[in-house]
Amino acid sequence: KISENIYFIFLSKNLIIYSIYFFSSYFFCKTNNIKIILFLILLLCPIIIPYNFHVSLSIFFADNLIAILLPSLFFLTLIKSNKKFLYIAFLIFILYLTKSSMFFISIFIPLMFILLIDKNKIIKFLPLLGLLLAIFSWGYFGITKANIFPFGKNIISHNSWMMNNVVLNKEFLNYYPYKSVDLIPRNFIIQNRNKMSESEIVKIYNQENSKFLKKNFPFFMEGVFVKLKFIFFNIKKNGSQPDKQNNYDNSIMFSLLLNKIILNLAYFYSLFCIIKNFRNKKFSVFINQSQLEIIYFIIVNLNIIPHLYGWATSKHIVGIITLSSIFLLLKLSKKKFYI
């Protein structure tokens, strides 16, 4: 049935996801008195770079959702309306259930509103309500199906196995980032999986992962620096599969070159602005010269951290690339595009 309705699924998914981006950017521009010309430019951000457009259109991996929902979340945090808390609650609920790499963002953003923004408003607790609903919905499913409450590093059982067989594998750096990590020889340390519960399997892999980290922490940290270098500076095709001659296509991609220029400009410019305005500790629901870069910096870093523990490919960071282009447009436009 899926193959018979693939075009319907493809069109429906993209209509829904791009509509979320459209209305998030629209409400942001409307409440901040931004001219329509900047609104139209902001609409181009997810599609102007071919590779990013390809990732966001796909239906085969979760990153196609994150590529659009993450910039949408950024817009919603900057809306001058109490309605934003309801929209953010909805988006946090979706992001938490989309991919485990969204764990830190889903946890921190609701707490940020409670602790730092709109201190006298009860409605600010709505994002936390959306988060709790997602946590306990997924938790109930985990208890029912696997007798384990999925949270933190156990949010997905598959994570423990993948850590053991990919990141905490002595062959990891011989493959990553230019060869697909799916090609790494697997370590099947559990022989009788069918006789064990899912919670028992997760526990064993977690124990093995802890042992590996204690004995090989320098190797793990070397991998962290490789991932960090990849996120900020790689411009070549990555995660490639071998061709018939056992060669890997790791040629330079123009889209990735543009992505890294945008990411580095936005990231280090935001850091410069934060340092420059370090003495200004006031947070507000309104756009100002300090809040914009702080929220951008927080979201980007919260997205990068889980990929340093696991691994990142180019499709994993499309969301923060689009977010970076939005940030640069808003900062560089200053008052020119404001009514």
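**Notes on the predicted model**

1. At 60% relative accessibility, N147 counts as exposed, because the cut-off for that class is over 50%. The structure is a predicted model, and this residue deserves a look for its backbone as well: phi of N147 is near 55°, a positive value in a residue other than glycine. N147 is found in the loop between α7 (126–146) and α8 (157–167).

2. N33 is not a glycine either, yet its phi is about 55°. The residue lies in the loop that runs between α1 (6–31) and α2 (36–44). With a relative accessibility of 43%, N33 counts as partly exposed.

3. The peptide bond between Y176 and P177 is cis, with omega at about 5°. P177 belongs to the loop between α9 (172–175) and α10 (198–215).

4. Next, a helix pair. Helix α3 (residues 50–57) packs against helix α12 (residues 254–276) at an angle of about 95°, and their axes are 7 Å apart. The two helices, α3 and α12, are therefore roughly perpendicular to each other, since angles from 65 to 115 degrees are given that description. On the α3 side the contact is made by P50, Y51 and N52, and on the α12 side by S255, L256 and N259. By type, the residues in this contact of α3 with α12 comprise three nonpolar and three polar, with no charged residue.

5. The largest nonpolar core holds 84 residues. Those with the most contacts inside this core are F28, L42, F74, I109, I231 and Y296. Which helix gives the most to this core? That is helix α13 (residues 291–309), with eleven residues.

6. Leaving aside neighbours within four places in sequence, Y296 is in contact with F74, L263, A266, Y267, S270, L323, S324 and F327. One of these partners, F74, is also listed with Y296 among the residues that have the most contacts inside the largest core.

7. Another core, of six residues, lies apart from the largest one. Its members include Y51, A67, M253 and L256. Two of these names return from the helix pair: Y51 of α3 and L256 of α12 take part in the contact between those helices.

Technical notes: Residues numbered from 1 in each chain as written. Predicted model: local features only at pLDDT ≥ 70, side-chain atom pairs only at ≥ 80, totals over all residues. Heavy atoms only, no water. Axes fitted to C-alpha atoms, helices over the stretch in contact; angles between N-to-C directions. Helix = DSSP H or I, 4+ residues; strand = E, 2+ residues; numbered from the N terminus. Parallel < 35°, antiparallel > 145°, perpendicular 65-115°, else oblique. Contact = heavy atoms within 4.5 Å. Nonpolar A, V, L, I, M, F, W, Y, C, P; charged D, E, K, R; others polar. Buried < 20%, exposed > 50% of the residue type's maximum accessible area, 1.4 Å probe, protein only. Core = buried A, V, L, I, M, F, W, Y, C linked by side-chain atoms within 4.5 Å.
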